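Dear colleague,

Please find the structure below, handed over for your use.

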Amino acid sequence: MSEDVFDPIYKESFPFWEKIPDADREYICQNSHHIIYPKGKNIHNGSECSGVIIVRSGSLRLYIMSDEGKDITLYRLHAGDLCMLSASCVLDAITFEVFVDAEQDSQCCVISGPAFAAVSERNQDIRIFALEAAVSRFSDVMWVMQQILFMSMDKRLAIFLSDESARTGLDTIALTQGQIARYMGSAREVVSRMLKYFASEGIVEVSRGGVTILDKKRLRTLTL
């Protein structure tokens, strides 16, 4: 794609875009690609420098994985979100392995990691942006760890359902119990048991189409 295609996208995504020289903007655009990742595709596998990813549509999942193959979802990215943790060559402080999968068919803009790193070396505004973006996501990661380590399962599930409803604007969470468990870093059996309890209390209704929130007030009370 030409620079004309990427320029408006990056102007919207990067606060530094119009502060850097024209030559650097052109170089980033020349080293950018528009990629459609099919559902289930692994996009970033560990510590390689896959590049800076901007999600245009669809959904990506970032997670870490143990030696035994157990994974914990750190956070998900949706339309308009940006992933810096997939560009380890831009942020030297990233020394752990992060994996990225496409949860849905996803259209993304991907900037070459080495190209973005080269331009950031010449522009302080880019380095500051990259650091702030990473710090913001590390806050999300710490929130996930806090939930797993210190919160009861009913509170964690209530928070997850409330956040999903707020994000989509819908009362029905169109996810399977297996997906919910994966996003929460829990076992499917545990999530299923807790959803049955919520349903028996009239808080939610569980169906093949997902989980429908019936009593938002009570669900919100469980998050406190």
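Leaving aside its neighbours within four places in sequence, Tyr 27 is in contact with Ala 115, Val 119 and Arg 122, where contact means heavy atoms within 4.5 Å. This is a predicted model, in which local features need pLDDT of at least 70 and side-chain atom pairs count only at pLDDT 80 or more, while totals for chains, interfaces and linings use all residues. Residues are numbered from 1 along each chain as its sequence is written, and side-chain values use heavy atoms, with hydrogens and water left out.

Tyr 27 lies in helix H2; helices here are DSSP runs of H or I with at least four residues, strands are runs of E with at least two, and both are numbered from the N terminus. Because its relative accessibility is 32%, Tyr 27 counts as partly exposed. On this scale, buried means under 20% relative accessible area, exposed means over 50%, and partly exposed is in between, with a 1.4 Å probe and protein chains only. Tyr 27 and Ala 115 are 88 residues apart along the chain, yet their C-alpha atoms are separated by 7.6 Å.

The two helices concerned are H2 (residues 22-30) and H3 (residues 113-122), which pack at an angle of about 165° with their axes 9 Å apart. H2 is therefore roughly antiparallel to H3. Axes are lines fitted to C-alpha atoms, for helices over the stretch in contact, and angles run from 0 to 180 degrees between N-to-C directions. Angles under 35 degrees count as roughly parallel, over 145 as roughly antiparallel, 65 to 115 as roughly perpendicular and the rest as oblique. The crossing of H2 and H3 is left-handed, meaning that the near helix is turned anticlockwise from the far one by less than a right angle; clockwise would be right-handed.

From H2, the residues Asp 24, Tyr 27 and Ile 28 meet Ala 115, Phe 116, Val 119 and Arg 122 of H3. By class, this contact of H2 with H3 has five nonpolar, no polar and two charged residues. Ala, Val, Leu, Ile, Met, Phe, Trp, Tyr, Cys and Pro count as nonpolar, Asp, Glu, Lys and Arg as charged, and the others, Gly among them, as polar.

The buried residues of H3 are Gly 113, Ala 115, Phe 116, Ala 117, Val 119 and Ser 120. They pack against H2, strand E3 (52-57), strand E8 (106-111) and helix H4 (124-150).

**H6 and its two partners**

Helix H6 (residues 177-184) and helix H7 (residues 188-200) have axes that come within 8 Å and cross at roughly 110°. H6 and H7 are therefore roughly perpendicular to each other, and their crossing is right-handed. In this pair, Gln 177, Gly 178, Ile 180 and Ala 181 of H6 meet Arg 188, Val 191, Ser 192 and Leu 195 of H7. Sorted by class, the contact of H6 with H7 has four nonpolar, three polar and one charged residues.

Gln 177 is found in H6 and counts as buried because its relative accessibility is 17%. Not counting residues up to four places away in sequence, Gln 177 touches Arg 188, Val 191, Ser 192, Leu 195 and Val 206.

H6 also packs with helix H5 (residues 153-168), at an angle of about 105° and with their axes 11 Å apart. H5 is therefore roughly perpendicular to H6. Here Met 153, Arg 156, Leu 157 and Phe 160 in H5 meet Ile 180, Tyr 183 and Met 184 in H6. The contact of H5 with H6 has six nonpolar, no polar and one charged residues.

**Ile 43 in strand E2**

Ile 43 is found in strand E2 (residues 42-46) and, because its relative accessibility is 12%, counts as buried. Beyond its neighbours within four places in sequence, Ile 43 is in contact with Tyr 37, Glu 48, Ser 50, Ile 53, Leu 60, Val 100, Asp 101 and Ala 102.

**The chain as a whole**

The secondary structure of the chain comes to eight helices and 11 strands. Its C-alpha atoms fill a box of roughly 60 × 35 × 30 Å, taken along the principal axes. Of the 224 residues in the chain, 47% are buried. Among contacts in the chain with a separation of 6 or more, 69% are between residues 24 or more positions apart.

With kind regards
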